[in-house]
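Colleague: I have a new model open on my screen and would like to learn how to read it. Could you walk me through a few features?

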Amino acid sequence: MPLPLYLLAMAAFAMGTSEFMLAGLLPDIASDLDVTVGTAGVLTSAFALGMVVGAPLVAAFARNWSRRPSLLGSVLVFAAAHAVGAVTTSFPVLLATRVVAALANAGFLAVALTAAAALVPPDRKGRALSVLLAGTTSAMIAGVPGGSALGTVFGWRATFWAVAALCLPAALGILKGVPTGHREEEATGRPVLRAELAQLTRSRLIVVMLLGALVNAATFGSLTFLAPVVTDGAGLGELWVSVVLVLFGTGSFAGVTLAGRLSDRYPGRVVAVGGPLLLVGWPATAVLATEPVALFVLVFVQGTLSFALGTTLITRVLYEAAAAPGMAGSYATAALNVGAAVGPVIAAATLGAGALGPLWASGLLVAVALLIALPLLTGITESRGGDALR
């Protein structure tokens, strides 16, 4: 894999730390800003919603910009939003900074996903995407648990400052290592924007985006409220939240790596095998959450399955949107974050039934995805040559 791809992954690490870190900080934020934990969970949904809206808008607006300035500007705005979030005492202001950070993250990913796919041969998009997303999942292993521990010791604001600081070496790496990649030159022979947007009328692209959104909704629904599962469901201390997040992050890294090996050639098999296992896993986690050892094992497994399946589906979005090279990355980003926006809202609505409600909600979301996917499995995924998957 080319070096610029790993530099993009470095920036994805900084942004991924922010995207996932609230899973371990929500109780402290809620207490400090005098809101409920469910209300604080809206911060996650606001971030995801900002990315859903921002990805296509930024991608369309910046179609003819050079890649390096686009990526660099996104990272710097992202850092500034976290600096403001770290000092505010107002929940609405904090919410606004999450939206701004999301727009910056959306701009980054919309360009980075397309750039990653362009850096490798056409039949290795899944492998390139797995390297880029490895930066995000590495954040779940190191950045998010580290941020959770930092927040436990020094307060949640320290974690926001740490994310802002993480953006600086990422920005330097982009400035020094990512080619300028003039978008004007790349646009030669590229379809006009209207033609690229018209790809969204293709039923197969819409179905794959929907499946990716549902699986990601299940993932983020439970991930956002893992802290209550650990402290209330399992009865463990707050520092164990970091341990559970490390396990989930390690599993997600394994899942992304697995998808990198399989998603280009065998996406149908990943969905057919991983989907039912993921469906069983969420209710099992809810039932066995009171047993710490079982909880730890299942959190790792669910992280692996969630990201193996989710990454595979998002890779298929890039394949299905191949006729929209300037907008494909934004479609993939939107699919990811529709789920990330909806999942925590659905999960928050179940908290009235107890801390384990989000786990049951995730199982239901995966069940809906499978009801859509399994009857159409060979039709919604394609191999590299365009033939139906076996």
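This is a predicted model: local features need pLDDT of at least 70, side-chain atom pairs count only at pLDDT 80 or more; totals for chains, interfaces and linings use all residues.

Colleague: Which helices and strands does the chain have, and how many?

Modeller: There are 18 helices and 0 strands. Of the 390 residues, 57% count as buried.

Colleague: What share of the contacts in the chain join residues at least 24 apart?

Modeller: Taking contacts between residues at least 6 apart in sequence, 85% join residues at least 24 apart.

Colleague: Now the packing. How are two packed helices described?

Modeller: The general idea is to give the angle between the two axes and the distance between those axes. Here, take helix H11 (residues 203-224) and helix H16 (residues 328-349): their axes come within 6 Å and cross at roughly 40°. Angles under 35 degrees would count as roughly parallel and 65 to 115 as roughly perpendicular, so H11 and H16 are oblique to each other. The crossing of H11 past H16 is right-handed.

Colleague: Which residues of H11 and H16 meet?

Modeller: On the H11 side they include Leu-205, Met-209, Gly-212, Ala-213 and Phe-220, and on the H16 side Tyr-331, Leu-336, Val-338, Gly-339 and Pro-344. By class, the contact of H11 with H16 has 12 nonpolar, 7 polar and no charged residues.

Colleague: Let me try single residues. Is Gly-16 buried or exposed?

Modeller: The cut-off for buried is under 20% relative accessible area. Gly-16 has 1%, so Gly-16 is buried. You will find Gly-16 in helix H1 (residues 3-21). The C-alpha atoms of Gly-16 and Thr-136 are separated by 4.5 Å, although these residues are 120 residues apart along the chain.

Colleague: And Asp-34: where is its place, and is it buried or exposed?

Modeller: Asp-34 lies in the loop between helix H2 (26-32) and helix H3 (37-40). Exposed means over 50%, so Asp-34, at 69% relative accessibility, counts as exposed.

Colleague: What is phi of Asp-34 near?

Modeller: Phi of Asp-34 is near 60°, which is a positive value in a residue other than glycine.

How values were computed:
Residues are numbered from 1 along each chain as its sequence is written. Side-chain values use heavy atoms; hydrogens and water are left out. Axes are lines fitted to C-alpha atoms, for helices over the stretch in contact, and angles run from 0 to 180 degrees between N-to-C directions. Helices (H or I, at least four residues) and strands (E, at least two) are DSSP runs, numbered from the N terminus. Angles under 35 degrees count as roughly parallel, over 145 as roughly antiparallel, 65 to 115 as roughly perpendicular and the rest as oblique. A crossing is left-handed if the near helix is turned anticlockwise from the far one by less than a right angle, and right-handed if clockwise. Contact means heavy atoms within 4.5 Å. Ala, Val, Leu, Ile, Met, Phe, Trp, Tyr, Cys and Pro count as nonpolar, Asp, Glu, Lys and Arg as charged, and the others, Gly among them, as polar. Buried means under 20% relative accessible area, exposed over 50%, partly exposed in between (1.4 Å probe, protein chains only).
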